[in-house]
Amino acid sequence: MILCVRLQIGDGHVGDGHGGDGHGGDGHGGTAGAALPALLGLIEDISPVVQALPPDAALVDVRGARRYFGRDATGIASVLRVRALAHLGAGCAIGVAATPLLARMAARRAAPGTTCVVADDERAVREFLAPCPVAALPGVGAATARALRSYGLGTVGAAADVPLATLQRIVGVRPGRELYEKARGIDRTGVAPNAAARSVAAERSFSRDELDHERHRRALLSITEELGTGLRGTDRVCRSLTLTVRYADRSTTTRTRTLREPTAHSAALAAAAYRLHASLGLQRARVRALSVRAEGLVAVERAARQLTFDPVDERARRIEAVADLARARFGPRAIVPGALAIGPRPLAA
């Protein structure tokens, strides 16, 4: 059986910059992302087959641990929850299922401090998946979900009742097959311990529910500066960005956008994050936190870049390279964007 453990830090928050660096921000370090490495350490004491799902979750295969601990997967989940609370001061929502796909979906459905279990039989899987919105399936983005809803396929159960050929005509050959299998709970992946990270993420939480869109944009700029610097420092680029907005009632909205070309250029990442944010039409939404995930990471030498012959873009990239050298030598706050260095509460990049 597979466990998906999602950290829930409660109302802990960091500022719009790096918490704990002593350079501004709205608060202090306290995000789930900061606690994830410690959680992985706790999990590895139970099972070595663990895969990080940044920024706030992990998958763990407990088949080998059940005999050792003399407990079933649900019992091991209880042990993990107590250990996380004792060592990290953090609650957990845990999903238990036979596959990573179902475990991740169960963890999202689990209430804080509880375990959601999906039994390993076809009927239980069908009953669990059927009422879920089709967008809840991993890999189904907003555009795909809209296309499916236009055909009356708004739930996973409805999509599961459609023949493979029909789904492929609606969303494409490969996405259609993936959707066909996921809607039936078929997952051919496993827990990949110590797998090379295929995504990186960063989060900024606000010290209060934030309605100001300018504050949102500054947080996004801070996040994408951090992501871009990290990617360039490891000679990687990303193919897509995923924005997650967490609201005052703890509900979330997630949007993903594929980039025109793989990049680690902070300005390009910021522009994509701004477009994702604008597409949500938040208006007066009370936002508690924003996180951005850079996905589809590849080595920079494996990515092609379209030359623009734009002197402004070329100059920005040269300045960025010089700034990276300064940060590497003098620290991450040696050079920050001007927008993060002004205002009553400066943000860290």
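Tutor: Contact here means heavy atoms within 4.5 Å. The model is predicted, so local features need pLDDT of at least 70 and side-chain atom pairs count only at pLDDT 80 or more, while totals for chains, interfaces and linings use all residues. Residues are numbered from 1 along each chain as its sequence is written, and side-chain values use heavy atoms, with hydrogens and water left out.

Student: What share of the contacts in the protein chain with a separation of 6 or more comes from residues 24 or more positions apart?

Tutor: Such residues account for 65% of those contacts.

Student: How many helices and strands are there in the protein chain?

Tutor: The protein chain has twelve helices and ten strands, taken as DSSP runs numbered from the N terminus (helices: H or I, at least four residues; strands: E, at least two).

Student: Why is C132 called buried?

Tutor: Buried means under 20% relative accessible area, exposed over 50%, and partly exposed in between, with a 1.4 Å probe and protein chains only. C132 has a relative accessibility of 6%, and therefore counts as buried. C238, at 0%, is buried as well. Of the 349 residues of the protein chain, 44% count as buried.

Student: What makes a set of residues a nonpolar core, and which residues touch the most other members of the largest one?

Tutor: A nonpolar core is a set of buried Ala, Val, Leu, Ile, Met, Phe, Trp, Tyr and Cys residues joined through side-chain atoms within 4.5 Å. The largest has 36 residues, of which L59, M105, F128, L129, L137, L148 and L179 touch the most other members. Elements that each supply at least two residues of this core include β1 (2-8), β3 (57-61) and α4 (100-109). The largest share, six residues, comes from α4.

Student: Which residues does L148 contact, leaving aside its neighbours within four places in sequence?

Tutor: L148 is in contact with V134, L153, L167, I170, V171 and L179. A second, separate core of 32 residues includes L243, Y274, L280 and L297.
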